[in-house]
Amino acid sequence: VTDQGFAARSHRLFVTIEIGSARPACFLDNGAPFSFVSYDVARQLPWTLRGTAFQGQGASLDWQGIPCEFGETTVDLLDPHGTIRVANCRLIGKFAKAQHPLLKNHIVLGLNFLVDNSIDFASRCRSGILRAVLTVP
């Protein structure tokens with residue numbers, strides 16, 4: 001609720017992923033160019049460093065004020081029931097070097113995740129319920 005009494009509803013498109021035996025909270029952010037891995041998840045999984053800075057003016061590796069490094073790992077996508085698994089999806093993005101004040105044990109999938117894995121994305125809203133489908137070739 002805003003300071004003017006307006007009830008604002010926010011929505012997230014949650015995705016079930018698995019890294020080893022861990023299942024961190026994960027959502028797709030279709031406004032994010034790169035994925036983001038929170039500090040506590042980044043410390044617990046194997047990943048490969050791909051850079052510590054972007055070259056060029058205005059390019060930043062920070063994510064919402066959190067310093068990050070650029071890296072790569074793989075995750076498994078699961079359907080909501082856990083019966084279908086798409087293994088070894090490439091995740092390239094920003095790996096936090098410090099804790100975010102709100103997002104702990106989270107991964108945010110950016111648009112590059114869809115492109116890097118040739119995943120089709122479709123969303124629709126019916127009766128106030130937002131749903132999305134990820135289709136893997």
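1. At 58% relative accessibility, Gln64 counts as exposed, where exposed means over 50% relative accessible area, buried under 20%, and partly exposed in between (1.4 Å probe, protein chains only). Gln64 sits in the loop between S5 and S6, helices (H or I, at least four residues) and strands (E, at least two) being DSSP runs numbered from the N terminus. Its phi is near 50 degrees, a positive value in a residue other than glycine. Most residues other than glycine have a negative phi. Asn105, in the loop between S7 and S8, also has a positive phi, of about 60 degrees, although Asn105 is not a glycine; at 38% relative accessibility, Asn105 counts as partly exposed.

2. On the basis of the note: this is a predicted model, in which local features need pLDDT of at least 70 and side-chain atom pairs count only at pLDDT 80 or more, while totals for chains, interfaces and linings use all residues. Residues are numbered from 1 along each chain as its sequence is written, and side-chain values use heavy atoms, with hydrogens and water left out.

3. The largest nonpolar core has 20 residues, and those with the most contacts inside this core are Ile17, Val37, Leu91, Ile107, Leu109 and Phe113; such a core is a set of buried Ala, Val, Leu, Ile, Met, Phe, Trp, Tyr and Cys residues joined through side-chain atoms within 4.5 Å. Two or more residues of the core come from each of strand S3 (25-28), helix H1 (39-44), strand S6 (68-78), strand S7 (85-96), strand S8 (106-109) and helix H2 (111-116). The largest share, three residues, is that of S7. Apart from this core lies another, of eight residues, among them Phe27, Trp63, Ala96 and Leu103.

4. What does Val37 touch, once its neighbours within four places in sequence are left aside? Val37 is in contact (heavy atoms within 4.5 Å) with Ala42, Leu45, Leu91, Lys94, Phe95, Ala96, His106 and Ile107.

5. Ser35 lies in strand S4 (residues 35-37) and is buried, with a relative accessible area of 0%. A polar atom of the Ser35 side chain lies 3.1 Å from the backbone nitrogen of Gly110. Beyond its neighbours within four places in sequence, Ser35 is in contact with Leu91, Ile92, Gly93, Lys94, Val108, Leu109, Gly110, Asn112 and Phe113.

6. The structure holds six aromatic pairs, in which rings of Phe, Tyr and Trp (its six-membered ring) have centres within 6.5 Å, planes under 30 degrees apart counting as stacked, over 60 as edge-to-face and the rest as tilted. Phe14 and Phe27 form an edge-to-face pair, 5.8 Å centre to centre and with 70 degrees between the planes. This pair links distant parts of the chain, with Phe14 in strand S1 (residues 13-14) and Phe27 in strand S3, 13 residues apart. Phe14 is exposed, with a relative accessible area of 58%, whereas Phe27 is buried at 5% relative accessibility.

7. Which arrangement do the rings of Trp47 and Phe95 adopt? Their centres are 4.2 Å apart and their planes stand at 10 degrees, so the pair is stacked. Here too distant parts of the chain are linked, Trp47 being in the loop between H1 and strand S5 (48-51) and Phe95 in strand S7, 48 residues apart. Trp47 is partly exposed, with a relative accessible area of 25%, while Phe95 counts as buried at 0%. Separately, Phe34, Phe54 and Phe70 form one aromatic cluster.

8. The largest pocket has a volume of about 510 Å³. A pocket is taken on a 1 Å grid over the protein atoms alone, as an open set of points where a 1.4 Å probe fits, with protein on both sides within 12 Å along at least five of seven lines, and lining residues have an atom within 4 Å of a point. Of the 19 lining residues, the closest to the pocket centre are Phe14, Leu78, Pro80, Ala132 and Leu134. S1, S6 and strand S10 (129-135) each give two or more residues to the lining, and S10 gives the most, with five.

9. Thr74, in strand S6, is partly exposed, with a relative accessible area of 39%. The C-alpha atoms of Thr74 and Ala42, 32 residues apart along the chain, are separated by 12 Å.

Note on methods: Polar contact = N/O pair within 3.5 Å; in protein donor to acceptor, adjacent residues only side chain to side chain. Points joined across faces, edges and corners; volume = space filled by probe spheres on them.
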